[in-house]
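Dear colleague,

Please find below the structure that I am handing over to you, together with its sequence. My notes on its pockets follow.

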Amino acid sequence: MLSTRLTNARFLTMDPDHPVAHDLGIWQGRIVGLDEAVTSLPAREVIDLQGATVLPGFIDAHVHLAWTGFKENTPSIAGCTRIEDVLAIVEEAVLQKGTPGAWVSIAGYDQRALGRHLTAAELDTVSHGHKLFLLHDSGHGCVVNTAVLDLLPADLSRDGGFLAEGAMGAARALRLPYSQRELAEAIGRAARTCLAEGVTACAEAGIGGTLVGHSPVELGAYQLAREEGLLPLRVQLMVSADRLHPVAAHEADGIPRSLDLGLRTGFGDDRLSVGALKIFTDGGMMARTAALSSPYEGLDHAGQLQDDPDVLADAIVDGHLAGWQLAVHAIGDRAADIALDALERAQRLRPRPGARHRIEHAGLIRPDQLPRFARLGVSAVVQPNFLRYFGDDYAAIMGEERAPWLYRGRAFLDQGITLVGSSDRPVTDGSPLRAIQFMVERASESGRLIGPDEAVTVDEALRAYTVAGAFACRWDDRLGSLTPGKLADLVVLGDDPRRVDPSRIGDIEVVATYVDGRWTGKAAA
């Protein structure tokens, strides 16, 4: 007997052997058959989906759940365009903080809306003895007041109060880590947001590091969230390379650096597991710190690397030698060169054809770099919504020649490179459907076409958020398609993305999500 039979729906299975179905049977959390194989079988529950379209649950291959959850509960200056309005919101948040000298965090900071960066001196006027930390929306910078600057080493670049990359990490490290309880509750809030958008599995893009978070026990917070029922979707945890250290392993193992106990990619189960090793090579375009091979348009610099190129390359090689899948953050083309060179060296030292290494973001990839991706078997994990929301700005700072190379689609697929969709939430909107719309249209919110030759078909965009996401996260044996034997993770949509006008894809209603064959409720934030 089936646990559940879903009927009267248009199942877009993403499985070429059975691309469309009308019935789907579930038993013990797995798909056991389609159409005639299950139609006549008895079931404890038969659910009539009334003609809805059903897809495999969307997989977001690059998110920041804890950051998302904290941002949802943090005072925000998003949308402010005047310095005085920002300072008023900051002061209000400070006055609500009763503890003298306490830290006050503010979200939504983006200098582009203000025309320039805030300064420490300006924040001092509203700090009232508190330490202020305004996190840049990119996650690659912050603005702090003088009370924080005074605690930092004198040799750190501080640019009037704006701290980028490692300098931001140094400021973050001054604060006590969040408690596991605080982290678990934030993770739970973000997970519910993901489910509301049809995401049933995601990869948390870096735990334990100094750039995104700084809790040395962050993995335990995810375990706590799971134990207390706060983790209603599948999560894979990328571990920050900051956490690797030299180990005295047997010389035959060839492992120069590792986590304690040799923990690496693959540990865990279907609900919570350790994924790739996250390695940062550069910054971000919003903060103008992505490392380019030539300067930003209208600026006198080309971004920055996170460390000396040789140090970055050695971290990549050591991670490969230790048996990890690698997720290398490389937004600019110079950073991508360093990543590709190091991955090539690593594979030469110890060939691992099935490693499934990934380049996270691949924001600006030159034509000559594409064949190298393909030759190395590296997946491109892109964030289409970056261009949907920030595309006008990104195209302007890249200039006419480079703008078409931003967050590519068609060029990756034509080279045989696995194109993977993701959000990088909370940096921008996490909706897979809105991202899919951009991948098809290549139009920013203003209507500007950005690299129109990089447009892909609706089917190809859907694959990026299902089949390709499962492949990149090494879940392809259990997720990504509605295939008998795989886990019953589904998203029920109010319309078929392949049948509506592309301009309507992002507005399709997410009716419900199923995880392990269980209805998680009508989608609602």
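What volume does the second largest pocket have? In this predicted model, the second largest pocket has a volume of about 430 Å³. Its lining consists of 21 residues, and those nearest the centre are Asp242, Phe280, Gln306, Asp307 and Leu312. Strand S17 provides the largest share, with four residues. By class, ten of the lining residues of the second largest pocket are nonpolar, six are polar and five are charged.

I turn now to the largest pocket. Its volume is about 890 Å³. A total of 37 residues line the largest pocket, and Phe70, Thr74, Ser105, Arg175 and Tyr178 are the closest to its centre. Two or more lining residues come from each of the following elements: helix H2 (65-72), strand S9 (103-109), strand S10 (131-136), helix H8 (180-196) and strand S13 (199-207). Which element gives the largest share of this lining? That element is strand S9, which contributes six residues. The lining of the largest pocket comprises 18 nonpolar, nine polar and ten charged residues.

With kind regards

How values were computed:
Residues numbered from 1 in each chain as written. Predicted model: local features only at pLDDT ≥ 70, side-chain atom pairs only at ≥ 80, totals over all residues. Heavy atoms only, no water. 1 Å grid on protein atoms, 1.4 Å probe; cavity = no way out; pocket = protein on both sides within 12 Å on 5 of 7 lines; lining within 4 Å. Points joined across faces, edges and corners; volume = space filled by probe spheres on them. Nonpolar A, V, L, I, M, F, W, Y, C, P; charged D, E, K, R; others polar.
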